[in-house]
Amino acid sequence: MFNFNFHNPTRIVFGKDQLRELDTLVPADARVLITFGGGSARRTGLLDRVKAELDRSGRTVLEFGGIEPNPQFATLMKAVEIVRAEKVDFLLAVGGGSVMDGTKFISLASANDEFKGREEAVLSYGFAGVPAQAAVPLGTVVTLPATGSEMNMGAVISKGEDKLVVMSPLVFPTFSILDPELTCTLPENQVANGIVDTFVHVVEQYVTFPVEGRLQDRFAEGILQTLIEVGRRTKDDPQDYDARANLVWSATMALNGLIGSGVPQDWAVHMIGHELTALHGVDHGRSLAAVLPGMWRVRRGQKREKLLQYAERVWGIREGSDDERIDAAIARTEDFFHSLGVSTRLSDLGITEEHFDAVIASLEKHGMTALSEHGDLNLEVSLQVLEASR
Ligand code: NZQ
Ligand code: ZN
């Protein structure tokens with residue numbers, strides 16, 4: 001097992017009616033900015049419920065709505081101005097990954113004077129982390145189980161055709177309220193996106209190469225098996241509380257640092273997927289489903305042992321040669337995504353061979369030239385992956 005240093009400071013408050021904990025979780029004297037998306041939080045009545053909870057201690061509460069899916073730098077900058085002008089000292093994100101990520105950016109960009117007037121610099125550090133001194137504390141009320149943003153220190157921010165990773169330990173939420181019932185208003189396609197995103201988060205930290213991370217492997221396999229058990233059920237019946245609760249908790253656990261501690265991590269599917277979203281507006285989850293099987297077809301040599309382990313332990317595949325078992329595991333994964341109504345082909349997303357050069361150029365522009373758990377996935381291999389995903 002690799003060495004690791006794991007710290008996760010986010011308090012998780014999970015279950016029905018936990019919104020009532022907001023009054024205790026947010027400091028009583030805070031000046032709060034509630035951030036939300038394009039309208040679902042208002043439509044479902046959640047925004048009013050959140051405000052009523054915060055009102056109990058007579059806090060000053062401001063609102064900032066309109067954070068779009070794949071949150072845009074220009075939109076978020078409007079909130080940064082509000083935070084500065086109104087001396088906001090607590091941010092409350094009410095929404096999915098885009099709202100939570102956008103709020104993390106707002107937190108970093110508004111709290112550090114060295115970024116004043118050059119806030120786009122916050123987007124330039126990638127996985128190395130933003131060298132920030134401070135952040136406005138933030139909490140989240142999660143409405144979409146998918147990204148794990150509610151318990152991690154990452155954000156993905158869009159600026160034009162660039163989709164850029166922002167990392168800082170300062171933006172771990174202080175708390176996240178996970179009430180599965182708040183996700184019942186999601187349309188089916190967003191539930192499916194969340195299942196796929198969670199699935200791919202797990203395999204990016206699991207289908208790599210073995211390092212005797214036995215517990216991490218079993219955590220990963222446990223999440224994958226849970227998703228397979230409840231995925232279809234929760235998509236078809238949003239009122240099935242237990243199924244939805246399992247999805248919500250799986251999504252959080254898939255990307256809070258735990259299962260990836262001490263083991264190799266890949267993330268190549270995500271990096272290629274991000275470019276597809278930036279260039280073609282494809283939902284994040286859909287971009288991953290279209291790239292993962294092609295990635296495994298191309299990288300089956302590098303990932304051989306873990307693909308065989310995945311085949312046996314997650315899908316129960318024990319018959320046939322090594323190659324046959326790997327083929328079967330890839331096919332079962334595709335069947336699972338299809339059962340959720342999610343395609344595993346780029347052509348179904350309107351992305352064809354003529355678009356591949358632009359994707360490769362974007363990967364190059366963003367320095368994504370040595371991806372994967374081995375660091376050997378160069379632009380040539382990325383092109384092979386796109387070709388294998390047609
Ligand atoms: O904007 P509103 O009106 O709220 O509608 C949203 C949005 O249109 C809607 N929605 C959310 N909760 C709802 C709801 N509709 C009805 N009822 C509810 N309860 O769902 C739509 C999609 O929301 P979004 O937040 O964009 O989805 P998701 O949570 O999948 O987040 C995707 C973003 O997260 C990034 C992605 O790149 C993308 O920008 N990621 C963030 C990560 C992280 N921070 O660790 C890791 C991920 O791999 C990912 O890259
Ligand atoms: Zn993801």
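Start by selecting His 201: with a relative accessible area of 2%, His 201 is buried. Here buried means under 20% relative accessible area, exposed means over 50%, and partly exposed is in between (1.4 Å probe, protein chains only). Keep in mind that this is a predicted model, where local features need pLDDT of at least 70 and side-chain atom pairs count only at pLDDT 80 or more, while totals for chains, interfaces and linings use all residues. Residues are numbered from 1 along each chain as its sequence is written, chains are lettered from A and ligands numbered from 1 in the order in which they are written, and side-chain values use heavy atoms, with hydrogens and water left out.

Next, click the zinc ion (ligand 2). Which protein donors does the zinc ion have? They are Asp 197 (OD), His 201 (NE2), His 270 (NE2) and His 284 (NE2), 2.0 to 2.1 Å from the zinc ion. Donors are N, O and S atoms within 2.8 Å of the metal (3.2 Å for Na, K and Ca); water is not among the atoms, so sites may look incomplete. Along the sequence, the donor residues follow the spacing D-x3-H-x68-H-x13-H. His 201 in helix α6 (residues 188–204) and His 284 in helix α10 (residues 284–298) link distant parts of the chain, 83 residues apart. Helices (H or I, at least four residues) and strands (E, at least two) are DSSP runs, numbered from the N terminus. Select His 284 too: its relative accessibility is 19%, so it counts as buried.

Now hop to Gly 316, in the loop between α11 (304–315) and α12 (322–339). Gly 316 is partly exposed, at 37% relative accessible area. Gly 316 sits 21 Å from His 201, C-alpha to C-alpha, and 115 residues away in sequence.

Last stop: Phe 4, in the segment before β1 (11–14). Phe 4 is partly exposed, with 47% relative accessibility.
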